[in-house]
Amino acid sequence: MKHFPVAVIIEKQRLDNHWVSEKWEAIGVVPAFEAVHGAPPQQIFSDEQRTRYLIGRFDLELFRDEVENYHLNLTSPEPRVFVMWRMEDELALPIEVSLSYGEAARWLDSGEQCDGVPMPGEIADWLGDFVNTHYKPAPRKKLKRNDPFAGKARP
């Protein structure tokens with residue numbers, strides 16, 4: 001499977017603050033095999049403090065040149081799915097999703113909003129198959145330490 005379809009759960013939290021009245025955050029992703037691209041956001045929960053929306057269908061894609069970043073993500077203590085989102089018409093809308101640490105770092109470096117959410121097991125299994133197939137650790141270089149002659153020509 002080349003793509004893994006997901007829907008994003010975005011939460012709006014009301015704040016009791018003079019300067020900021022609300023905080024938006026991506027809090028999860030779920031598999032979305034039946035979802036349609038471009039489907040409108042769907043409210044799935046609401047109380048006095050929070051409102052949650054299930055938004056869209058986004059296809060996670062894997063690229064061989066990012067395999068080292070996928071490996072780092074998968075072997076971290078808490079693997080993540082990274083969600084880039086933007087405010088549009090009073091609603092935080094996901095723009096893109098990724099499993100790459102490198103891509104998430106590039107988004108943050110360029111000033112985008114990006115949240116890391118827990119990676120569901122089905123996605124971890126799918127990513128693991130890709131990493132096991134394509135990841136080749138870089139060969140380790142043996143370093144000579146405390147060698148007083150290192151780098152010097154010998155007579």
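Is Arg106 buried, partly exposed or exposed? In this predicted model, Arg106 is partly exposed, with a relative accessibility of 43%, where buried denotes a relative accessible area under 20%, exposed one over 50%, and partly exposed the range in between (1.4 Å probe, protein chains only). Residues are numbered from 1 along each chain as its sequence is written, and side-chain values rest on heavy atoms, with hydrogens and water left out. Because the model is predicted, local features require pLDDT of at least 70 and side-chain atom pairs count only at pLDDT 80 or more, while totals for chains, interfaces and linings use all residues.

Helices (H or I, at least four residues) and strands (E, at least two) are DSSP runs numbered from the N terminus, and two strands are taken to pair if DSSP finds at least two bridges between them. Strands of a sheet pair through backbone hydrogen bonds, either parallel or antiparallel. In the present model, four strands form an open sheet in the order E2-E1-E4-E3, with antiparallel pairing. Strand E2 (22–31) and strand E3 (42–46) are the edge strands, each pairing on one side only. From one strand to the next, the twist averages 30 degrees. Strands E1 (residues 3–14) and E4 (residues 50–61) run antiparallel and are joined by ten bridges; Val6 stands opposite Phe58 in E4. Helix H3 (residues 121–134) lies across E1, E2 and E4 and runs at about 140 degrees to E1. For such angles, axes are lines fitted to C-alpha atoms, for helices over the stretch in contact, and values run from 0 to 180 degrees between N-to-C directions.

A salt bridge is defined as a side-chain nitrogen of Lys or Arg within 4 Å of a carboxyl oxygen of Asp or Glu. By this rule, eight salt bridges are counted. In one of them, Glu11 is joined to Arg52, with the closest N and O atoms 2.7 Å apart. Glu11 belongs to strand E1 and Arg52 to strand E4, so the pair ties together parts that are 41 residues apart in sequence. Glu11 is buried, at a relative accessible area of 8%, whereas Arg52 is partly exposed, at 25%. Arg106 takes part in a salt bridge with Glu66 (2.6 Å, N to O). This pair links distant parts of the chain, 40 residues apart: Glu66 is in the loop between E4 and helix H1 (67–74), and Arg106 is in helix H2 (residues 101–109). Glu66 counts as buried, at 12% relative accessibility. A further salt bridge joins the side chains of Asp59 and Arg57 (3.3 Å, N to O), and Asp59 is partly exposed, with a relative accessible area of 26%.

Thr51 is located in strand E4 and counts as buried at 3% relative accessibility. With neighbours within four places in sequence set aside, the contacts of Thr51 include Ile10, Glu11, Gln43 and Phe45, contact meaning heavy atoms within 4.5 Å.

Rings of Phe, Tyr and Trp (its six-membered ring) pair if their centres lie within 6.5 Å; planes under 30 degrees apart count as stacked, over 60 as edge-to-face and the rest as tilted. Five aromatic pairs are found in the whole structure. Tyr70 and Phe130 form an edge-to-face pair, 5.9 Å centre to centre with 75 degrees between the planes. Tyr70 lies in helix H1 and Phe130 in helix H3, so this pair ties together parts that are 60 residues apart in sequence. Both Tyr70 and Phe130 are buried. Ring pairs also link Phe4, Phe33 and Trp126 into a cluster.
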